[in-house]
Each structure stands twice: as C-alpha cells, then as structure tokens.
Number of protein chains: 2
Amino acid sequence: MRKRVVIIGGGFGGLTAAKKFHNTDFDVLLIDKTNHHLFQPLLYQVATAALSPGDISVPIRWILRKSKNITVILGEAVKVDSTNNKLLLKDGEEIEYDYLIIAAGARHSYFGNNDWENYAPGLKTLEDAINIREKMLLAFEKAERKFDKEDVSKYMTFVIVGGGPTGVEIAGAIAEISKKTLMRDFRKINTKKTRIILVEGTDRILNTYDKKLSLRAKEDLEKLGVEVNLNSMVSKIEKNKIFFGNNVIETCNIIWAAGNTASPLLVSLKTKLDRAGRVIVNKYCSIDESPNIFVIGDAANFQEDEHPLPGIAPVAVQQGKYVADLIKKENNSLNKKPFKYVDKGTMATIGKAKAIAQIKKLKLTGFIAWFFWGFVHILFLINFRNKYKVMAEWIWYYFSNKNGVRLITKSNNKL
Amino acid sequence: MRKRVVIIGGGFGGLTAAKKFHNTDFDVLLIDKTNHHLFQPLLYQVATAALSPGDISVPIRWILRKSKNITVILGEAVKVDSTNNKLLLKDGEEIEYDYLIIAAGARHSYFGNNDWENYAPGLKTLEDAINIREKMLLAFEKAERKFDKEDVSKYMTFVIVGGGPTGVEIAGAIAEISKKTLMRDFRKINTKKTRIILVEGTDRILNTYDKKLSLRAKEDLEKLGVEVNLNSMVSKIEKNKIFFGNNVIETCNIIWAAGNTASPLLVSLKTKLDRAGRVIVNKYCSIDESPNIFVIGDAANFQEDEHPLPGIAPVAVQQGKYVADLIKKENNSLNKKPFKYVDKGTMATIGKAKAIAQIKKLKLTGFIAWFFWGFVHILFLINFRNKYKVMAEWIWYYFSNKNGVRLITKSNNKL
C-alpha cells in the first residue's frame with residue numbers, strides 16, 4: 001500500500017521536502033495557510049515598497065503541478081494526534097498520515113506582551129509586508145498634512161526593534177526610501193529629516209556574525225542616517241510611544257523584528273519545546289516519541305555544537321531534503337545517518353552597495369558583498385520568471401533611485 | 001495675486017489638467033482618495049491575476065514631483081460650497097479655490113439595490129481588483145476541498161453582469177485563466193469545466209460598437225467557453241444566488257460590471273444631474289451657476305449629438321487639457337471656444353489574440369485588433385518603467401500561458 005506523507009507548510013523546508021517526492025510511490029499532501037511559497041529573504045523589500053508581492057511569491061500548487069502524486073490544499077493544521085497518526089485541520093477535517101513533516105515556520109514573538117502587536121507589527125507574511133508598506137507611506141502622507149511640528153515628527157520617526165538581519169534590512173531600506181526616493185515628492189515636509197532608529201538589546205547588531213562585520217554594518221547604517229541604539233531593552237509599547245526604561249520615543253511607526261515564536265500546533269505534539277516554542281528535535285530531525293514525525297526549519301531547534309541552528313533558508317532546505325530522503329528509505333533505523341548542516345555562509349544587506357557576507361573564514365563588506373548578495377538571491381528565486389522580474393527591478397532601482405511600488409490600496413485606514 | 005486651482009481626482013482627467021499647470025503662475029492643489037494614478041483600462045488584468053497592482057499604478061505625487069507649484073494631498077472631498085468658493089474635506093479641512101476642477105470619476109451602481117454589492121462586487125479601484133482576484137482564486141481552492149458536487153459547481157460558476165468592455169474583458173480573462181492557466185494545478189477538480197456566464201440586459205454585448213464587431217466579440221467569447229446570455233435582466237441577487245425573473249443561477253462568484261453612478265460630492269453642486277448622477281455640463285465643461293467650476297471625465301455628462309460622451313480615458317484626457325487651457329487664459333468668456341471631442345477610436349479585448357477595434361470607419365477584429373490594442377495600451381502607460389514591466393509580463397504570458405500574480409494575501413477570508 002502507498003504510504004501517505006503529510007507536509008505542513010510550503011516554505012523553504014516543506015516545499016523542498018515535497019519536491020523530493022516528485023512522482024514517487026508516496027501519496028503526498030501539502031497543507032499551507034496561504035496559496036503561495038514566499039521568498040522570505042526579500043520580504044522586507046515588499047514592506048519597503050521596492051518589490052511587488054508577486055515578485056517574491058509563486059503559487060505552491062503551480063510549483064508542484066507536474067507532481068501528480070502530490071496534492072496541495074489551502075488549510076490550517078491545528079492539532080496533531082500522534083497516537084492515532086492523525087492531523088486535525090481548523091475546518092474540522094481529519095487527515096491521516098504515515099509520515100508527518102512539520103515545517104510550519106515561526107511568527108514573531110512579543111515576549112509575552114501580545115498587546116504590543118497592535119502598535120508594533122512584525123514581518124512574516126505578505127499581508128504583514130503590505131500592512132507595513134501602507135503604514136509607512138501613510139505616515140508621510142499624514143505628515144504632509146499636519147502643521148503641528150510635534151505631530152509631524154511623530155509621523156516621521158521610525159523605530160525598528162531588533163538588530164538581526166530583518167531589522168537591519170528594514171532600517172536601511174526605510175533610510176534609502178525616505179532620504180533618496182521620496183525626497184522630491186513632498187512640498188511641506190523634508191523627507192531627508194526622517195528619523196530612523198534601530199534598537200538592539202545586546203551590545204552589537206547582527207550578532208551571529210563576526211564582530212568586525214557587525215561594526216561595519218553599524219557604520220554603514222549610520223552613513224545612511226540610521227541611529228543605532230545598542231543595549232536598549234524595550235520596556236513598554238503604547239499607541240505612538242515606545243519606552244526604554246525611563247526614556248520614551250514618540251513615533252507612529254514601530255516595526256517589530258525582535259523575536260520569533262513557533263506555531264501553537266507544536267504544543268499538541270506533547271514533546272520538549274525550547275523557550276521560543278520550537279520543538280527540540282533529535283539528530284534525525286524527528287521526535288523520540290514518534291519517529292514518523294519530523295520537524296524542520298524555523299519550527300525546529302536542532303542542536304549543533306550546543307547551539308540551535310539559525311532560522312535561515314539553507315537550514316530549512318537541507319533539512320527538507322534530509323527528511324524526504326529518510327522517508328523514501330522507509331525511515332530504516334539501521335542505516336540512518338544523522339542530519340548534518342553544511343554552512344555555506346550567511347549575508348545581510350544594508351542598502352545600495354552596502355552589505356556584509358561571511359563565508360567560512362571569508363568576510364566581505366561594501367559593494368562586493370552587496371553584489372554577491374544580489375547574485376545569490378537572484379539565483380535562488382524559485383522560478384526563472386521572478387528572477388528576471390526582480391533583477392529588472394533592481395537594475396532599474398540602482399540607476400534611478402526610484403522605488404516602484406509605493407501603493408496604498410486599502411481604503412479602511414486612510415486619513 | 002496667484003490664483004488657486006483645486007483639482008479633485010488624480011485619474012486621467014484630473015492628472016492631465018494638473019500637468020498642464022506645470023510651473024505656471026497658478027497654485028494648484030490636487031486631492032485624491034488614493035495615493036496613486038491608476039491605469040484603469042488594465043484594471044481587469046489585476047482582478048484576473050495577470051498583472052500586479054504596481055504594474056498599472058504610479059504615485060500621483062511622484063508624477064508631479066517636478067511641478068513645484070502643485071501640491072498633492074491624500075484626502076476625500078465631500079462637499080462643494082460654490083457660494084463661498086470653498087471645498088470641504090472629510091476630515092473637516094476647508095479649502096478655498098478660485099477654480100475648481102472636479103474629476104472625481106464614478107463608482108458602480110446597483111440601480112437602487114445597494115445590498116447587491118455584498119454579493120456582486122464591482123471593479124473600480126485597486127482594492128476592488130485585489131478583492132475580486134482573491135475571491136476568484138479562493139473559489140477554486142474551496143472547490144478542490146469539497147466533495148459535494150453541488151458545492152463544487154457553485155464555486156466553479158462565474159457570473160459577470162454587464163456586457164460592456166469591462167464585463168467582456170473580465171469574462172474573457174477568467175475563461176483563459178481557468179481553462180488554460182490553472183488546468184494542471186488541481187487534482188480533484190477539472191478547471192476546464194468552469195462555467196463562465198456573461199449576462200447583458202440588451203440584445204448585444206459591447207453595444208456602443210458596430211453591430212458586426214459586437215457579433216464577432218460574442219463568437220470569440222463563446223470560443224473561449226463563455227456563455228453569453230443576452231436580454232437578461234437581473235431581478236435579484238442573494239448570497240450565492242442570482243435571479244433572472246424565474247431563472248436562478250447558483251454561484252459564489254458574481255462580478256458586477258453593469259452600471260455607474262457618479263460621486264455623491266456632485267449633489268452638493270446644486271446643479272442638474274442626469275440619471276446616473278453625473279453633472280450635465282455646458283459646452284465649456286462647466287456649470288452655468290458657477291463658471292469657475294468644471295466637471296470632467298466620468299463625473300460629467302457632456303452632450304454631443306444629443307448623446308453623452310462615453311466614460312473612457314480619451315474623453316477625460318481631452319477635457320482635462322481643455323479646462324486647464326481655459327483657466328490659464330483666465331477663463332475669458334469673450335474668446336472661449338467650446339470643448340470638442342476628437343474620437344480617435346475605441347477598442348476592447350476578449351482574450352489572447354482576440355479583440356475588436358473601431359477607428360472611425362475602420363473596423364478590426366482578431367489578432368490585428370488585439371495587437372493594436374496591446375500597442376496602444378503600452379504606449380499610454382504613464383511612465384517608461386511600467387510600460388517595460390507590463391510588456392515583459394505580456395510577452396511572457398503570451399508564450400507561456402502562465403498567469404503571474406495568483407496571490408491570496410489576506411488572511412481574514414480564508415477557508
């Protein structure tokens with residue numbers, strides 16, 4: 001009898017695993033909350049109006065259209081019944097599995113202060129990105145119509161919480177759009193005076209990178225006009241206010257890029273979770289209680305050298321391949337080799353011709369790192385069509401300083 | 001003293017008028033409810049997932065960035081006080097004008113049945129287009145998950161009300177996406193079996209065109225698998241049901257492309273309106289009561305040969321130029337020449353390599369008309385960048401049969 005593999009999530013991990021089952025003897029079902037695979041490393045460019053949502057996302061069922069043994073459904077998994085090998089969907093449907101691959105990703109975490117989300121949205125989905133984009137553009141529109149100086153400064157101050165890659169990339173992009181792209185568009189406000197503050201709790205930004213690269217990134221950001229506040233812990237967020245102990249910044253634009261929390265679905269596995277809610281998996285990316293359940297990507301805490309692997313695309317992709325191969329060999333416990341992550345390097349971009357990259361012992365900065373960053377990201381964009389479009393956008397942007405997709409489409413949050 | 005010109009609306013009419021004041025001695029204020037100029041003739045392509053919102057829209061303030069005498073604000077005009085030459089915005093701000101150009105466009109009209117809007121959305125704004133796109137894509141997703149045949153057929157039936165250019169273009173595009181693009185993407189449903197019904201109240205579609213062209217368009221639609229129901233008047237719309245007298249069609253997908261109604265703002269002018277709520281303007285595109293108020297584009301009823309001019313972009317553009325020139329000559333009543341519309345032809349597209357065009361006595365159909373349609377639309381797309389992108393999309397689409405932007409981004413209306 002054909003075995004049934006159920007995959008939760010069509011991100012880098014889940015999609016890679018699914019592709020590995022292309023026209024095999026397995027019946028595969030992929031479930032995702034959205035209808036598209038998202039190229040998450042470029043999501044900040046949608047949030048900052050450089051790219052269109054369609055440039056970085058592709059319908060999952062289109063990617064898998066030729067794999068007749070794979071079915072894709074739009075749905076939300078809410079509970080795993082590991083005793084009976086069943087999965088429960090939000091709409092009540094029960095789905096049986098022989099193997100379950102959980103690649104459900106992560107949401108942002110507010111460290112227990114969930115009410116902060118109303119004032120400090122995070123960036124994980126296309127919807128998040130569009131909301132941030134509209135809020136940013138509306139802030140300038142509102143500033144243009146205010147005559148009260150305090151109000152104007154509130155609208156023209158952006159605080160980004162979290163000095164990881166996402167926070168750095170958003171801060172750099174907002175600096176570029178406000179200080180270059182929008183410069184000539186307004187009559188009453190001077191968009192060059194936009195304040196952009198990047199807040200980090202530890203003593204350096206991009207702290208998974210080499211110290212020298214962190215420092216260079218900070219300098220690059222400061223050149224773009226971003227204020228970088230290190231050792232700053234957020235104590236409270238209210239409407240238009242963010243507190244750091246006794247200090248307060250008045251701003252209508254707070255973006256949260258600080259913490260992640262894994263999907264609540266994972267709790268139903270009744271296995272060990274770490275503080276961020278991720279499943280602590282064994283060396284086979286599985287859980288000891290149910291060897292036919294695998295957890296990969298941002299939903300998993302895979303320990304290597306006593307540290308969890310980082311929540312980046314290459315880890316998810318490699319784990320996706322690994323577990324699919326394991327299942328195809330019927331998860332045979334005698335020959336099983338543990339998962340081993342091959343680190344091919346990491347990189348982060350700060351702005352035009354500004355980036356950092358760390359590839360084993362090699363450390364790159366400035367234009368070279370930025371060019372390399374662009375090259376790798378184009379290379380990995382999932383299908384030719386989007387590669388071509390994003391490249392065209394970037395080339396255009398590089399030479400024109402014009403950001404393209406400055407749209408406010410929603411009518412419910414207007415002036 | 002510098003005269004103040006206030007323009008309501010950044011569509012074809014308002015934007016053309018504004019550009020005419022580029023660096024003149026007039027202080028110009030352009031007010032729009034959105035932040036972008038929309039290339040409305042291609043809006044149906046966003047609604048049917050062929051183009052991205054960013055492909056057909058440009059920030060108004062970016063277009064006018066070099067005109068230092070022109071200010072753009074995001075706002076909604078709600079009332080004209082013509083006695084005191086004042087305009088009231090929704091947020092309470094009062095704006096004085098010497099000349100007022102109303103280019104506020106139109107919304108769809110449900111002939112007094114405003115509750116129909118909940119079940120049969122129309123297509124005027126980017127937000128409308130995104131909503132229709134998501135509803136259409138979700139319908140197929142839902143059909144894929146239903147096992148009950150009746151439910152599946154409800155989701156896979158599309159009814160488009162109104163056989164004008166918009167209705168024809170939407171029907172043709174849905175036929176193409178369902179019968180060609182989506183064909184291989186699903187496992188349980190056969191998207192080729194999608195029913196698309198175009199409903200028209202009169203005895204032919206595209207009834208402002210020559211009879212032969214109407215007939216050809218109907219044949220072309222039928223070749224694509226669209227059912228065309230002529231002489232069909234909608235009597236009632238309920239959730240998932242549309243009634244034509246005693247007949248009823250069960251469908252979750254009704255799109256309204258039937259009637260227009262002008263902006264409620266026009267009522268406050270206290271002048272003659274036609275049945276569709278448009279201002280009946282004099283031969284100077286103005287109103288007799290207040291010669292310093294002009295109404296152009298879809299908001300106006302300009303009589304020529306005892307018929308109103310059609311609600312299409314060329315009319316709005318020509319009127320925009322005309323009134324701007326009139327104002328620049330200080331609206332001098334002695335030398336005023338009345339507005340004269342120059343008809344350069346009209347066209348409508350049905351599907352790939354299928355269109356009709358009528359240019360004076362010349363009538364085109366098929367591939368030639370379609371090619372011509374593409375050429376003209378690319379030509380008029382407002383800036384180089386979008387031209388280039390849309391052209392790239394179209395060339396890609398022509399050769400690949402893949403529609404690009406099949407995204408469902410909103411999470412609130414999921415399964």
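Here's a short tour of two stops, one in each of two chains.

Before you click: this is a predicted model, where local features need pLDDT of at least 70, side-chain atom pairs count only at pLDDT 80 or more, and totals for chains, interfaces and linings use all residues. Residues are numbered from 1 along each chain as its sequence is written, chains are lettered from A and ligands numbered from 1 in the order written, and side-chain values use heavy atoms, leaving out hydrogens and water.

**Stop one: the domains of chain A**

Color 4-33 + 75-108 + 260-328 as domain 1 and 114-258 as domain 2; the bounds come from an automatic or database domain assignment. Their C-alpha centres sit 34 Å apart. Contact (heavy atoms within 4.5 Å) takes four residues from domain 1 and seven from domain 2.

Together the two domains bury about 470 Å², 45% of it on carbon and sulfur atoms; that's the accessible area (1.4 Å probe) lost on putting both parts together, summed over both. Now select Arg107(A), His108(A) and Asn260(A): they supply 88% of what domain 1 buries here, more than any other three residues.

Two salt bridges are counted between the domains, each a side-chain nitrogen of Lys or Arg within 4 Å of a carboxyl oxygen of Asp or Glu. Zoom in on Arg107(A) and Asp128(A), whose side chains form a salt bridge at 3.1 Å, N to O.
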